[in-house]
Amino acid sequence: MKEDQSKKSTDHKVAKEPNAENPYRLLDLKLTKVEKWAAGVPAVIAAFSDLIEEKTLVRGTKALFKMNQAGGFDCPSCAWPDPDDERSPLGEYCENGAKALAEEATTKKVTADFFKENSVYELAKLDDYQIGKMGRLTDPMYLPKNATHYQPISWDAAFTKIADHFNALESPDEAAFYTSGRTSNEASFLYQLFAKEFGTNNMPDCSNMCHETSGSALRPTIGIGKGTVTLDDFYDTDVIVIIGQNPGTNAPRMMSALSKGKKNGAKIIAINPLPEAGLMGFHNPQEVNGIIGSGIKLADLFLPVKINGDMALLKAIEIILIEFEKKKPGEVFDYDFIKEKTTGYDAFLKQFDAYNLDELALQSGVSKELLYEAAEILAFKKRIIVCWGMGLTQQPNGVEMIREILNILLLKGSIGKPGAGVCPVRGHSNVQGNRTMMIDEKPTDEQLDRLQAFFGFNPPRKHGYDVVRAIKAMQEEKVKVLFCMGGNFLSATPDTTYTASALRKLNLTVCVSTKLNRTHLIHGQEALILPTLSRSDKDIVNGEIQIITTENSMGVVQSSKGMLKPVSDNLINETQIVCKMAMATLGSKSVIDWQDYHDNYDAVRDAIEKCIPGFENYNVRARHKGGFYLPNAARDGQFITKEFGNRAPFTLTSVPDNALAPDEYMMATTRTHDQFNTTIYGLDDRYRGIKNERRVVFMNPKDIEKAGFKAGDKVDLFNYDDGIERIAPLFVIVSYQIPEKNTVTYFPETNVLVSVNNVVKDSNMPASKYVKIKIKRHDPKIYESIKEL
């Protein structure tokens, strides 16, 4: 029998991908037309093709018509909100939502027999796409120390195993509790409650990798780390700016809101290194014009900014707005708003004496002509919405760039009023709700005081580990047990070789999962897989189908009720998993009635109501059609910033130096259109014209020629941060419309190139959109050396 190579340690000084056995199969790459619009009939066909592939056409189609509907279940994909009023009877879902449902509703199963027949070593040879297509997990599984195969374990024995590991720790801080954005409010609240009663705030979560930057930027400036607009604001506004975000892939239903805004007269400015299809046009498959017509043009103006040229672009626009204001005093800036609601205006204005518009245009990569066009669209409008995604939040200066966006809105008085404000477009469907439920490594004293007053125990006050700090703590053996409530920790995190090495040092990894993923195969000395219900599954407790709740990206809390028969009778919902773990670990030491919460979700919501402001009458309002909005003072024009006297401060920021060596390129990682986060639905990227391949690097044609390459050449990618050589081998060059010296690749394939120390200032998020790389002709010897690890 082959040695279980997933146990082997990796030399961090020559970092390679953790899945060293993977043959990096290059398939038959085909280049198709780069699309100029998104959705339409092709999206419908793609969605139902996935249902067929997952052998769930009838079962899945039935569920689709309940997804995002009143009385149905919340989409497990993105966090874009549902309409407050009537929802489309044809369906309130997009292509990616349908694909996510297909993955949940699949009839394919990963049983105990599957693990008996397949060793961890053999499974680790597969890529993430192959692993994810195996099907739904059906039974709890345990991997003993030095074992080659997972084996079945009873639920009681699994919880005893977890409790034994937790209680053997010298300190509660030797445990870390990771959370995925799919986790419900109820499970999230109990999860953080257990961690705190156990004694730690080590709660790394997916926010630490997507929108931690947004919260870090907004909380000190407007008093809340969330967006300030509603869906209705998109329908009645003057200007929508989309920067560093791709609606067609990341939040496809957003395109419906953009098209409604356009029909009502809004102008759209798109700012992005790539001219994404979802920024340019939309064919609504529920409208005749979207099926046989020309659809609707979205972006009125596209600004092809360089990677991390956004700050220079924003400051350039501000210089032009100042110029316009001088010509027409009082018509461009809102001085009443500036006087009544802000602070720091004079110092903010003074800084521009040191900036030169020509230099800023050069640094941004956008011509002065286009910058003037953008400023002219903004200058005499007040109702402005600015949306952003990880194209900003995963930049080293992402916090400052978001605050620069806020500076523009403060100049215009374009926040805290209808049709105006900020809109960070969140990724996973309840990532914002997790944070509201206190999934946070840095809880506030006010939050902890409320928990202490209600439950009667003294929660830990010391801040815990976020994702990056948790990885380092695992590597240093300061954390010995990692519990993952959903997600695919290894494939989501940066510096995958370093992270894999850290995971292997753990005494125990526990993954609560619906499907097999990479983190089950790169694990601690012992490992547990705990299968759970999906969002679309019926969750029956004491004979009754339960509701859970989630919070969308605009602060609406709504109920979700599954309707599919689970694929196995041996699945436990996340809420009960937490309660059983707490009872096994804490026993009689606990002051919390975990059994009550295990048996009664309403009791959980009653506790949330007592501990978190804004959830008054929770159980009643959660059952209202459309749910309810959480309080948002900034949305109402009130900026609760005690440091600044309840005013929003103008922020002084700097333009970064993005100089590259002659043989260096700036790389940003991104999704294909055939994936959601780390879940790979297929091997195509329809909108970018890529078919049957993921290991591609998009390059400007001039860069390809200057480097002596040709489109289609095979290359290896290198990063040298921290004095360490990181290698992602065997990629294919694709010529693309992208700024010179910029490249784009897909994650998780190139996460190996993102140093664990390459982080966003203040938020400590991985800066995966800002990676300096070198590109060299493919060397088969490198691949062979990786195989030998």
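The report below goes through strands, helices, cysteines and loop residues in turn.

This is a predicted model, in which local features need pLDDT of at least 70 and side-chain atom pairs count only at pLDDT 80 or more, while totals for chains, interfaces and linings use all residues. Residues are numbered from 1 along each chain as its sequence is written, and side-chain values use heavy atoms, with hydrogens and water left out.

## Sheets

Helices (H or I, at least four residues) and strands (E, at least two) are DSSP runs, numbered from the N terminus. Two strands are said to pair if DSSP finds at least two bridges between them.

The antiparallel pairing of β22 with β23 (residues 556-560) runs over 4 bridges, and Glu 551 stands opposite Val 557 in β23. Axes here are lines fitted to C-alpha atoms, for helices over the stretch in contact, and angles run from 0 to 180 degrees between N-to-C directions.

Another open sheet of 3 strands has the order β3-β11-β12 and mixed pairing. Its edge strands are β3 (38-39) and β12 (296-297), each pairing on one side only. Strand β11 (residues 281-283) runs antiparallel to β12, joined by 2 bridges, and the partner of Gly 281 in β12 is Lys 297.

Strand β32 (residues 725-735) has 9 of its 11 residues buried, so the rest of the structure largely encloses this strand. Buried means under 20% relative accessible area, exposed over 50%, and partly exposed in between (1.4 Å probe, protein chains only). Strand β30 (residues 696-699) pairs with β32 in the parallel sense over 4 bridges, with Phe 698 bridged to Val 734 of β32. Strand β31 (residues 714-719) pairs with β32 in the antiparallel sense over 5 bridges, and there Leu 717 stands opposite Ala 728. The hairpin of β31 and β32 has 5 residues between the strands, and Asp 722 in this hairpin takes a positive phi near 65 degrees.

## A helix pair

Two packed helices are described by the angle between their axes and the distance between the axes. Helix α1 (residues 40-53) packs against helix α3 (residues 95-105) at an angle of about 5 degrees, with the axes 8 Å apart. The two helices α1 and α3 are therefore roughly parallel to each other; angles under 35 degrees count as roughly parallel, over 145 as roughly antiparallel, 65 to 115 as roughly perpendicular and the rest as oblique. From α1, the contact (heavy atoms within 4.5 Å) uses Ala 43, Ala 46, Ala 47, Asp 50 and Leu 51. From α3, Glu 95, Ala 98, Lys 99 and Ala 102 take part. These contact residues of α1 and α3 divide into 6 nonpolar, no polar and 3 charged. In this scheme Ala, Val, Leu, Ile, Met, Phe, Trp, Tyr, Cys and Pro count as nonpolar, Asp, Glu, Lys and Arg as charged, and the others, Gly among them, as polar.

## Cysteines

A disulfide is taken as a pair of cysteine sulfur atoms within 2.5 Å. A search of the whole structure finds 0 disulfides. The sulfur of Cys 75 has its closest cysteine sulfur in Cys 78, at 6.1 Å, too far for a bond. For Cys 484 the closest cysteine sulfur is that of Cys 511, at 4.6 Å, also too far for a bond.

## Buried residues

| Residue | Relative accessible area | State |
|---|---|---|
| Cys 75 | 6% | buried |
| Cys 484 | 2% | buried |
| Gly 486 | 3% | buried |
| Pro 766 | 4% | buried |

Gly 486 lies in the loop between β17 (481-485) and α25 (489-492). Leaving aside neighbours within four places in sequence, Gly 486 is in contact with Tyr 178, Ser 180 and Val 512. The C-alpha atoms of Gly 486 and Glu 574 are separated by 9.1 Å, and the two residues are 88 residues apart along the chain.

Pro 766 is placed in the loop between β33 (742-746) and β34 (771-777). Beyond its neighbours within four places in sequence, Pro 766 is in contact with residues including Asn 208, Met 209, Gln 394 and Val 468. Pro 766 and Cys 210 are 556 residues apart in sequence but 8.6 Å apart in space, C-alpha to C-alpha.
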